[in-house]
Amino acid sequence: MVNANLLRGKIVSSGFTQKDVAAALGMSENTLTAKINGTSSFTLKEVFALCGLLRITESQEKCDIFLAGASH
């Protein structure tokens with residue numbers, strides 16, 4: 001499960017809108033919103049693309065955002 005608040009914060013702090021991110025990932029804004037809200041899942045390819053786009057490089061930050069609720 002994605003930590004929606006952390007991911008949304010990272011999008012904003014990186015200077016993007018959800019519309020920008022959706023376009024960069026080649027999906028609709030509605031699809032991105034569903035993935036952020038947990039009603040759909042990100043693929044591994046999408047997670048890597050998001051990390052590159054948003055400059056998420058630290059392993060802990062990746063875990064905090066993309067593995068929310070998982071035991072680490």
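The structure holds one aromatic pair. The ring centres of Phe42 and Phe66 lie 6.2 Å apart and the ring planes stand at 90 degrees, so the pair is edge-to-face. Rings of Phe, Tyr and Trp (its six-membered ring) are paired if their centres lie within 6.5 Å, with planes under 30 degrees apart counted as stacked, over 60 as edge-to-face and the rest as tilted. Phe42 belongs to the loop between α3 and α4 and Phe66 to helix α5, so the pair ties together parts that are 24 residues apart in sequence. Phe42 has 14% relative accessibility and therefore counts as buried; Phe66, at 10% relative accessibility, counts as buried as well. Buried means under 20% relative accessible area, exposed over 50%, and partly exposed in between (1.4 Å probe, protein chains only).

The model is predicted: local features need pLDDT of at least 70, side-chain atom pairs count only at pLDDT 80 or more, and totals for chains, interfaces and linings use all residues. Residues are numbered from 1 along each chain as its sequence is written, and side-chain values use heavy atoms, with hydrogens and water left out.

**Helix packing**

Helices (H or I, at least four residues) and strands (E, at least two) are DSSP runs numbered from the N terminus. Axes are lines fitted to C-alpha atoms, for helices over the stretch in contact, and angles run from 0 to 180 degrees between N-to-C directions. Two helix pairs are set out below.

| Helix pair | Angle | Axis separation |
|---|---|---|
| α1 (residues 4-13) and α5 (residues 59-66) | about 120 degrees | 7 Å apart |
| α2 (residues 18-25) and α3 (residues 29-37) | roughly 100 degrees | within 8 Å |

Helix α1 packs against α5 at an angle of about 120 degrees, which makes α1 oblique to α5. In this classification, angles under 35 degrees count as roughly parallel, over 145 as roughly antiparallel, 65 to 115 as roughly perpendicular and the rest as oblique. On α1 the contact is made by Leu6, Leu7 and Lys10, and on α5 by Glu61, Asp64, Ile65 and Phe66. Contact means heavy atoms within 4.5 Å. By class, the contact of α1 with α5 has four nonpolar, no polar and three charged residues. Here Ala, Val, Leu, Ile, Met, Phe, Trp, Tyr, Cys and Pro count as nonpolar, Asp, Glu, Lys and Arg as charged, and the others, Gly among them, as polar.

The axes of α2 and α3 cross at roughly 100 degrees, which makes α2 roughly perpendicular to α3. Gln18, Lys19, Val21, Ala22 and Leu25 of α2 meet Glu29, Leu32, Thr33 and Ile36 of α3 in this contact. By class, the contact of α2 with α3 has five nonpolar, two polar and two charged residues.

**Buried and exposed faces**

In α1, the buried residues are Ala4, Leu7, Lys10 and Ile11. They fall within an arc of 130 degrees when seen down the axis of α1, so they line one face of the helix. The arc is that of the directions from the helix axis to the C-beta atoms. These buried residues of α1 pack against α2, α3, α4 and α5. The face of α1 turned away from the buried side carries the exposed residues Asn5, Val12 and Ser13.

In α2, the buried residues are Gln18, Val21, Ala22 and Leu25. Seen down the axis of α2, they lie within an arc of 100 degrees, so they line one face of the helix. Their cover includes α1, α3 and α4. On the other side of α2, Lys19, Ala23 and Ala24 are exposed.

In α3, the buried residues are Leu32, Lys35 and Ile36. They cover an arc of only 100 degrees around the axis, which puts them on the same side of α3. The buried residues of α3 pack against α1, α2 and α4 (44-54).

**Loops and positive phi angles**

Gly38 follows α3 and has a positive phi near 85 degrees. Arg55 has a positive phi of about 55 degrees although it is not a glycine. Arg55 is placed in the loop between α4 and α5, and at 69% relative accessibility it counts as exposed.

Thr17 is found in the loop between α1 and α2, and at 42% relative accessibility Thr17 counts as partly exposed. Thr17 and Glu61 are 44 residues apart in sequence and, C-alpha to C-alpha, 20 Å apart in space.
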